[in-house]
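Here is my note on this model. Please keep the structure open as you go through the points.

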Amino acid sequence: GERGQLGDGQKEGGSKPHVVPGLEARAVAAGHNHAAAVTVNGEAVVWGKSMSLDLQEETSVAGQPLQDDQLSPRLLDLPAAKEAVGVACSSHQVAVLTGDGEVFVAGMAEDTRAAVARPLPVEGMDRLHDTEGGVALLRRGFRRVLALTARGGVHTVVLEATRAYLEPASPPPPEGMGRPVDVSTGWQHSLMVMSQ
């Protein structure tokens, strides 16, 4: 891909599948012009457009740093002792689910459009664990990553410049069809697999 989203260190695309050098993954996700993976060692890595997420760059436009494309996978800076077990992308963000049920998100903030380099923990995870059994799956959304809880709740992950939190998905899941067991969204549509 022209923005490094193939992870092979090149900006040229190709029509044939290829191996991302040095990456042994157990989960992968694709965003608009970026990608992410969970490695076999439980680390989260990202690559592609603006995924260098280097806020210390000297060059800026209108006070905002320009972001380099990340041409090969680089580690996301998760807190120590956090094992990544799931990953999902939206158009400009990446979210990681950890083994202890926490969710972290990095990428373009919705409120300022600035890059959030260090993944922020999603607020309210303890409460969500108590009320809905915690996050079971992260799935790709168009503008936001979707979080599906163990008891079938569907939420969107909101990333702002200084905080991340969950909002109930809109519209809510249909009633009388059981609970959602999987979900995905496109540009102007959503799909949901129900338990009944």
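1. Start with confidence. In the protein chain, strand β4 (residues 60-61) has the lowest confidence, with a mean of 40, while strand β7 (residues 84-89) has the highest, at 95. The score is pLDDT, the predictor's confidence in each residue, from 0 to 100. Strands here are DSSP runs (E, at least two residues), numbered from the N terminus.

2. Take care with residues 54-66. Their pLDDT is below 50, and the stretch has 17 contacts in the model beyond near neighbours in sequence. A contact means heavy atoms within 4.5 Å. Where pLDDT is low, predicted coordinates should not be read in detail.

3. Some ground rules. This is a predicted model: local features need pLDDT of at least 70, side-chain atom pairs count only at pLDDT 80 or more, and totals for chains, interfaces and linings use all residues. Residues are numbered from 1 along each chain as its sequence is written, and side-chain values use heavy atoms, leaving out hydrogens and water.

4. Look at the open sheet of 4 strands in the order β7-β8-β9-β10, paired antiparallel. Two strands pair if DSSP finds at least two bridges between them. At the edges are β7 and β10 (115-121), each pairing on one side only. The twist averages 15° from one strand to the next. That angle is between N-to-C directions (0 to 180 degrees), along lines fitted to C-alpha atoms.

5. Zoom in on β7. With strand β8 (residues 93-98), β7 forms 5 bridges in the antiparallel sense. Ala88 has Ala95 in β8 as its bridge partner.

6. Another open sheet of 4 strands runs β11-β12-β13-β14, again with antiparallel pairing. β11 (135-139) and β14 (164-168) are the edge strands; each has a single partner strand, so one side of each lacks a neighbour in the sheet. Here the twist averages 35° from one strand to the next.

7. Strand β13 (residues 154-159) and β14 run antiparallel and are joined by 5 bridges. Val157 stands opposite Leu166 in β14.
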